[in-house]
Amino acid sequence: MIQLFHVSKWYQKDVPALQDTNILIPKGEFVFITGASGAGKSTLLKLLFGDERPTSGQILVHGRNIARLPKSKIPTLRREIGVVFQDFKLLSSRNVFDNVALALEVLGMPRREIGRRVFSMLKRLGIHHKMRSNPLTLSGGEQQRVAIARALVNEPLIVLADEPTGSLDQEVSEHIMNIFSDVNARGTTVVIATHNLDMVKTMGRRVIHLEKGRIVQEGGL
Amino acid sequence: MRRLLSSLFRALGNLRQSWVVATITTAIISICLFLVGGYILMIHNIDNVIENMQGDVRVTIYLRDGFPMSDTNLLQDRLTGLAEVESVTYTSKSDALVEFESMLGNDRDILDGMDEIPLPASLRLTPKPEYRTSEGIHSILGKIGDDSLVEDIQYGENWLGRFEKILVVLNTGAVVLGAILSLAAIFIIANTIKLTVLARRDELEIMRLVGATEAFIRTPFLIEGLIQGLTGAVFSMGFLVLLHGFVEKQLAATVFDIIGIRSLEFLSTNIMIAILLCGMFLGGIGSMASVGRFSR
């Protein structure tokens, strides 16, 4: 479960990124965070995986108060959360397999177990045949699937995705959304930040709409 | 243990991947340690030469004519009994003449026609090694006191004082220059390793984002630094061996006889171990300092 109590985030004095935000996301829910660029979507996600600290307010993730979480505990939090970044954040110095394996290496998992899990995840997402390729040689959709594979491979309780279909065409976007639906069906909480309202309407899920750092609408579209 | 091995493999993989920067870093560590080691080697050998010269420190006590031999024996026994004194030998007037004649060599005929030996008898006093200093000699002189048998005392006061001053300057210089070279080495190494870290900034960021602990991120960098430092130190030692051999060969034919030594000494085992540890320390500290800058 994710809970935000009166959370605000200010990067500069006059420009609030997020203002007095209260959100409750029960375990296993699928939620879209929508809004225009600069509405506060990415900030909200960054607060959830401890990449930013709130200026005020409290954030509970599975009963743990992130606002007060010591720096040394952040890695533990991040191991429970899979994050798919807007720019994929794939390493060009590693092949597809090693990029996905990174999320398991940091857990200190044995090499054989890593191999088994990574191959299984790549196969599930249909890109196992590209596992020795350099990520830069893949299409946008394939790179996104590699990023999703890395986010899911350690079976996190929560998946956060920032504009996962931002640069993809309609067909690939639908495929990516189906993957997230599948993940959610297995019990994982999914939170996706997007400005693609057409896609959100198609999915028929809960939507939290932000404008200038404030929640202005909540429910279905 | 498994984590340490995993970090070691990651470190070796990283070194292989960024071998150009790793080679540059190792070369810089090697050059820095070569400079520091070379300076220590030089100072060590200069110290040896000076110590060798200090070994020649003698006090010559010239004796007045006309005193019975028993007085001389009494004085010799008293001086031999001093704690600062290693040995005292008696040189008679005729022994002094023989020595002088041998020094004159072919010019000894200038002494022909002399009715009596113009050279005084003497006691030659060798201080114990720890008293072969200006201070030690003065302590001995104080104990000789005013003896009517003693005509004059000579011990090369001027050159002894000068050597001691040179020794102080060299030792101070060794500490100051050693410190400057070490600081410069740390600065250069930290900046070179920073290049490695900069090149892998994205990797560090992504590792943190997927939940890597600081220990997981830093350990391979520390191991890389230690490996580079140790390799650099071993190379610097190799270059020092070559330098030592070359300089020794050059000096053997010319200077050795003049300064009274037979060979140049190499670094002691302790100093060699210290250089190896210093290399690992520099590599490790440089790595940690560079990774630390990207810590969030």
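**Terms and values**

Tutor: To start with a conclusion, H3(A) and H5(A) are roughly parallel to each other. This is a predicted model, in which local features need pLDDT of at least 70, side-chain atom pairs count only at pLDDT 80 or more, and totals for chains, interfaces and linings use all residues. Residues are numbered from 1 along each chain as its sequence is written, and chains are lettered from A and ligands numbered from 1 in the order in which they are written.

Student: Why are H3(A) and H5(A) called roughly parallel?

Tutor: The two helices pack at an angle of about 30°, with their axes 7 Å apart. Axes are lines fitted to C-alpha atoms, for helices over the stretch in contact, and angles run from 0 to 180 degrees between N-to-C directions. Angles under 35 degrees count as roughly parallel, over 145 as roughly antiparallel, 65 to 115 as roughly perpendicular and the rest as oblique. At about 30°, H3(A) and H5(A) are therefore roughly parallel. Helices here (H or I, at least four residues) and strands (E, at least two) are DSSP runs, numbered from the N terminus.

Student: Which residues make the contact between H3(A) and H5(A)?

Tutor: H3(A) contributes A:Val96, A:Asn99, A:Val100, A:Leu102 and A:Ala103, and H5(A) contributes A:Val146, A:Ala149 and A:Arg150. Two residues are in contact if their C-beta atoms, placed from the backbone, lie within 7 Å. By class there are six nonpolar, one polar and one charged residues in this contact. Ala, Val, Leu, Ile, Met, Phe, Trp, Tyr, Cys and Pro count as nonpolar, Asp, Glu, Lys and Arg as charged, and the others, Gly among them, as polar.

Student: What makes H3(A) oblique to H4(A)?

Tutor: Helix H3 (residues 96-105) and helix H4 (residues 111-124) of chain A pack at an angle of about 125°, with their axes 9 Å apart. That angle makes H3(A) oblique to H4(A). H3(A) passes H4(A) in a right-handed crossing; a crossing is left-handed if the near helix is turned anticlockwise from the far one by less than a right angle, and right-handed if clockwise. On H3(A) the contact is made by A:Phe97, A:Val100, A:Ala101, A:Leu104 and A:Glu105, and on H4(A) by A:Ile114, A:Arg117, A:Val118, A:Met121 and A:Leu122. These residues divide into eight nonpolar, no polar and two charged.

Student: How do you know that H3(A) is largely enclosed by the rest of the structure?

Tutor: Eight of its ten residues are buried, so H3(A) is largely enclosed. A residue is buried if 20 or more other C-beta atoms lie within 10 Å of its own, exposed if 12 or fewer, and partly exposed in between. The buried residues of H3(A) are A:Val96, A:Phe97, A:Asn99, A:Val100, A:Ala101, A:Leu102, A:Ala103 and A:Leu104. Their cover includes H4 and helix H5 (140-152) of chain A together with H7 of chain B.

Student: Why does A:His6 count as exposed?

Tutor: A:His6 has 12 C-beta neighbours inside 10 Å, so it counts as exposed. A:His6 lies in strand E1 (residues 2-10) of chain A. Its phi is near 45°, a positive value in a residue other than glycine.

Student: What makes A:Asp20 partly exposed?

Tutor: A:Asp20 has 15 C-beta neighbours inside 10 Å and therefore counts as partly exposed. A:Asp20 is found in strand E2 (residues 16-25) of chain A, and has a positive phi of about 40° although it is not a glycine. Most residues other than glycine have a negative phi.

Student: What does chain B present to chain A, by residue count and class?

Tutor: Twelve residues of chain B are in contact with twelve residues of chain A. Helix H1 (2-17) and helix H7 (201-209) of chain B are the elements that give two or more residues to that side of chain B. H7(B) gives the most, with five residues. By class, this side of chain B has six nonpolar, three polar and three charged residues.

Student: How confident is the predictor in chain B?

Tutor: The mean pLDDT of chain B is 83, and 96% of its residues reach 70 or more; pLDDT is the predictor's confidence in each residue, from 0 to 100. The model scores ipTM 0.88 and pTM 0.68.
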